[in-house]
Amino acid sequence: ITFGATERRALQVALGYAARKPDVAGGRVGVYGFSMGAFVAAQVAAVDQRVRAVVLAAAPGDAFALTRHEYAAKGRAAQW
């Protein structure tokens, strides 16, 4: 589990691609993230100035709490 490291890099590459498109005014792009995608979008938008607009839908507030909840039925070892 990388808690979004791979996904953050993928989003940054996609932002670079989108920002270079000739029909994108001034390289400004927006990001829409849903669920874990919202978690990743928030992290990238916080540090990448190319992101000029963000929509976060159904974003988890705490990835660690979410993981503990998802694996609760499998016991403490699975949660760890």
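Start by selecting Leu11, Leu15 and Gly16: these are the buried residues of helix H1, where buried means under 20% relative accessible area, exposed over 50% and partly exposed in between, with a 1.4 Å probe and protein chains only. Around the axis they cover an arc of only 145°, so they sit on the same side of H1; the arc is taken from the directions from the helix axis to the C-beta atoms. An α-helix has 3.6 residues a turn, so residues three or four places apart point the same way.

This is a predicted model, in which local features need pLDDT of at least 70 and side-chain atom pairs count only at pLDDT 80 or more, while totals for chains, interfaces and linings use all residues. Residues are numbered from 1 along each chain as its sequence is written, and side-chain values use heavy atoms, with hydrogens and water left out.

Now show the whole of H1. The helix has 16 residues and reaches 23 Å from its first C-alpha to its last, close to the 22 Å expected at 1.5 Å a residue (1.5 Å times one less than the number of residues). Helices (H or I, at least four residues) and strands (E, at least two) are DSSP runs, numbered from the N terminus. On the buried side, the cover includes E1, H2 and E2.

Next, select Leu11, Leu15, Val29, Val31, Val40, Ala41, Val44 and Val51, the eight residues of the largest nonpolar core. Such a core is a set of buried Ala, Val, Leu, Ile, Met, Phe, Trp, Tyr and Cys residues joined through side-chain atoms within 4.5 Å. Helix H1 (5-20), strand E1 (29-34) and helix H2 (36-45) each give two or more residues to this core, and H2 gives the most, with three.

Centre on Val51. Neighbours within four places in sequence aside, Val51 is in contact (heavy atoms within 4.5 Å) with Leu15, Val29, Val31 and Ala45.

Move to Asp48, in the loop between H2 and strand E2 (51-57). Asp48 counts as buried because its relative accessibility is 10%. Its side chain makes a polar contact with the side chain of Arg50 at 2.6 Å. A polar contact is a pair of N or O atoms within 3.5 Å; within protein, one must be able to donate a hydrogen and the other to accept it, and residues adjacent in sequence count only if both atoms are side-chain atoms. Not counting residues up to four places away in sequence, Asp48 touches Gln12 and Leu15.

Finish at Ala58, in the loop between E2 and helix H3 (63-70). Ala58 counts as exposed because its relative accessibility is 52%.
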